[in-house]
Number of protein chains: 2
Amino acid sequence: MTKFIRIDMGSKAVTIGDCPEKYAGLAGRGLTSIFVADEVKPTCHPLGKYNKLIFAPGFLTGTSAANSGRLSCGAKSPLTGGIKESNTGGTFGQKMSKMDIKALVFEGIPEEDKYYVVKVAMDGVTIEEAPAEIVGMGNYEAIKILQAKYGPKAGVAIIGPAGEMRLTGANISFADPQSNIRSAGRGGLGAVMGSKKIKAVVIDDAGAPGVTIANPEAFKSASKRFTNALTTHPVTGQGLPKYGTNILINILNEAGGLPTQNFRRGRNEWANNIGGESMTANMEARGGKPTHGCHAGCIIRCSQHYVDAQGKYITSGFEYETVWALGANGCIDDLDTIAYADRECDDVGVDSIETTVAVGVAMEAGIIPWGDGKAALELIKEIRKGTPLGRILGCGAGAVGRMYGLTRVPVVKNQAIPAYDPRAVKGVGLTYATTPMGADHTSGYAVATNILKVGGFVDPLGKAGQVELSRNLQIATAAVDSTGMCLFIAFAILDIADGFNALVDMINARYNLALTGDDVSALGKIILKAERGFNQRAGFTNAHDRLPEFFEEELPPHNVTWDFTDEEIDEVFNF
Amino acid sequence: MTKFIRIDMGSKAVTIGDCPEKYAGLAGRGLTSIFVADEVKPTCHPLGKYNKLIFAPGFLTGTSAANSGRLSCGAKSPLTGGIKESNTGGTFGQKMSKMDIKALVFEGIPEEDKYYVVKVAMDGVTIEEAPAEIVGMGNYEAIKILQAKYGPKAGVAIIGPAGEMRLTGANISFADPQSNIRSAGRGGLGAVMGSKKIKAVVIDDAGAPGVTIANPEAFKSASKRFTNALTTHPVTGQGLPKYGTNILINILNEAGGLPTQNFRRGRNEWANNIGGESMTANMEARGGKPTHGCHAGCIIRCSQHYVDAQGKYITSGFEYETVWALGANGCIDDLDTIAYADRECDDVGVDSIETTVAVGVAMEAGIIPWGDGKAALELIKEIRKGTPLGRILGCGAGAVGRMYGLTRVPVVKNQAIPAYDPRAVKGVGLTYATTPMGADHTSGYAVATNILKVGGFVDPLGKAGQVELSRNLQIATAAVDSTGMCLFIAFAILDIADGFNALVDMINARYNLALTGDDVSALGKIILKAERGFNQRAGFTNAHDRLPEFFEEELPPHNVTWDFTDEEIDEVFNF
């Protein structure tokens, strides 16, 4: 019954079929990654006709369970050249699940130079020429126009001008319940969508049957236990709801792991000005919303509506990583400026991590001065103009580094290293180095155990225990990314055993299965091996699992270096 | 006795030692590649302190043998990320040999932001601050200033503004006997020199002992036979001297293998306007020099002094590949414009192949119109200005393709594919795909046998015999690149057995050895394996030995495609 929909943008053929047997037991990242590993030619050009873009909700997406709103997007990444799963909130994934759509697969490349809107509804899928006015338009306004045309509740996946230009930093943006923007940010999947000339995908779930639950009573009971774990845990119950992810600024600064001035030091004097506490105080004083969910059913509500001094909305999903990259790494001591930069990234359609880390590299190159917020904002606005400088920035930190001949370029597999210095939070450094995704904290968030003391404690400055930590977290994360749950549930289920059991019980109740915790771990391993296998066939080796050599420099204040041997690093994927 | 000189640009320490035993039997490309494979960390940043740049003359460089003027330069390439040997004419290599210097090795990176001139003389090596006036200056004028300071006959190796900017298309330029420019063009070695803050290396051989010949009589006799082969063979004795390498335009056009409009077709209607015959007619009419040697002792004399309508010198070393890239691939039907572009490439210090192929990709991107010579010249002039657009272009064809989101980007291992369509000259296609150098016709010039019927004949449009042809030519070329001989001698020694024997006899006579032809072939294999081994440790796999997927399109007029399977391609390095 479950629908597996293929849309060939070359021939415009739409095939709505049953889910192939080989993908039946998969969802979310598990499905997108095994699909890409199975069907995409590893050596293909990421922007060519052999790449495929797949959207797949997770096992529990769209159910009544708390925080079950995630959608996975997969393809060969034009940024890294490897496999990519990038996931997002918003309303799109829940609508897919309610419509019993296992996956949307976009294949081929049109020959004609036109942009399209793909419309997905219960009566089928149509490929329509995009309204001329939205081509080249920013995401905020284009979403409004599309929802005016296709219905105010229509789910929207869209690329901005950056995706149209096929820049490797381009993301796919998704409308949230208030028609604001969430993103499948990393890895340049917006460029893949742009190469297929899809300006937007709109989804209308009117008449959808809703998510079927095999055992509703068991589901309800497990769901309650799961919610209890989330509300009980201090991170998911208190820290994130109150301050958002940006609570981490002061924590990482205290730990000496907040990369400052393009990873020159791990602590600075102005961190508190840009931290979550200041951000929340701003919103409270100005009439913003300090807490907000990016999808229906979110109870962590780490998002917010950040507003200007007049109370006017600037941005939401205003995350620690973006604040860090401009505020600490680029030395810009002004939250409002950073908020406008975040909005510009969302509107033009680029990954705000990749782009803001690239701004730090641009400062390294001398293109703009350190700490100059106004110049940084103008620089990001170059992307929309399609100028050569805008294209360089829009292609990410690695591109800026290459065009300006720099060595101090924080990337792994050409993807920007985010907000935790690998020398001072060594577990996440191993994740950056080894994940098939390119530098990505979410692939194995060892910050939890190194800094937040979630799931135990491993000394962030030492090497002991880090290989196992990164490995186990990467395995667990690949599984969690398949559930359709927000990754932040991991804080709760790492510490509260019944929360983890409840998650497994919900999957069992939905599908009438008898999975155990071991099965979940086994799934995580299968996914990682498929991803790594794809990368190997695409030309990756252990030599790509390395951090940039400048991390051999000592990082103040702890004066730590990146001191894992190649052999130690290579142990992470020895499972 | 033979000196092996290491210059550490970090500490400014100079070490003049005997050649290490392990490098004793090596020279030219054999020495540079085995040195790089041995001493450079394969995963290092090419512009960082762990990369090393080595200059090494070949076995016969600087002797009285015809065409013995080549110098090999080696390092990890910032363009490809793999090993690089790039060789050049000019006076530098011969002076090194006469001074009994086996190699000059440049290591480390200065901390201070200053450019240096390294002076090599019989009384030692000094590192001097570069005259302020030459920093940022083009090569033509800077060479004049350096020769005014260090002597009119001083050998000069220099980087232009592109190398200072560490652009990945930057070359190293070498003064020829008339103080014009030859280049170690490919692979961005100028950026490596720039990263080490070496604006120039000047070499003064006053007081040099000269090249020692163990058995002068045998050498003289072999040298005579060798010269005889060169003058007898129609390519080295007639075609190249009369028309230069640009004789190939009409030949390749006739063969349907002259890539036109960014590799869309293999033949065009205006080829004769830009071919060698027209070029020579121009020079004869205007008072240029149709034939000229890039180093002392060259008897092929494929270079020239191309002049404007008033007889004023524009450029020399005006090669087929550059004329092709702008004239056919970029559809610019005007030799003078192309000559000015070639001069600009030499003066700013970029590889004229990489840069002119990049111009074609810029046309593909719509940055400038097809066939617009004036716009192409202005575009190349952006490099000197250091604008974002200039930097993109100066980083090569792959960079233009990435920043503009294109798939029709003719590169292998990020190095631009030169002037022979791999679909219509399939043997050289295999060389592009598999050579450790990135796309490079000189690594295994199957054009000789596919098109010129030198060394036999293998049908250029068919697959039969091409794997063996490319393999054998790559092996032979690695050896020839170690002799210090111009690669063009290969035309003669492939067809005239006594020419090849004479070459071996000269090496034996110089060093008092008893090498056979088999030893030469064995050396070629050792070199290729060392190069490929380095690349493998740097992260290359067979997946990188692939042509861009657009070559699956049919190429008119023969409507041929690139149809080798992966398995067939991988056979080239099965030896």
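This is a predicted model: local features need pLDDT of at least 70, side-chain atom pairs count only at pLDDT 80 or more; totals for chains, interfaces and linings use all residues.

Tutor: Residues are numbered from 1 along each chain as written, chains are lettered from A in the order written, and side-chain values use heavy atoms, without hydrogens and water.

Student: Why is the pair A:Glu552 and B:Lys49 called a salt bridge?

Tutor: The term requires a side-chain nitrogen of Lys or Arg within 4 Å of a carboxyl oxygen of Asp or Glu. The N to O distance here is 3.4 Å, so the pair qualifies under the 4 Å limit. The rule finds two salt bridges across the interface of chain A and chain B.

Student: What makes residues of chain A and chain B count as in contact?

Tutor: Contact means heavy atoms within 4.5 Å. On that basis 34 residues of chain A are in contact with 34 residues of chain B.

Student: How do you know the area buried between chain A and chain B?

Tutor: Buried area is the accessible area (1.4 Å probe) that two parts lose on being put together, summed over both. For chain A and chain B this is about 2,800 Å², with 53% from carbon and sulfur atoms. In chain A, A:Arg402, A:Met403 and A:Glu549 lose the most area to chain B, together 23% of what that side buries.
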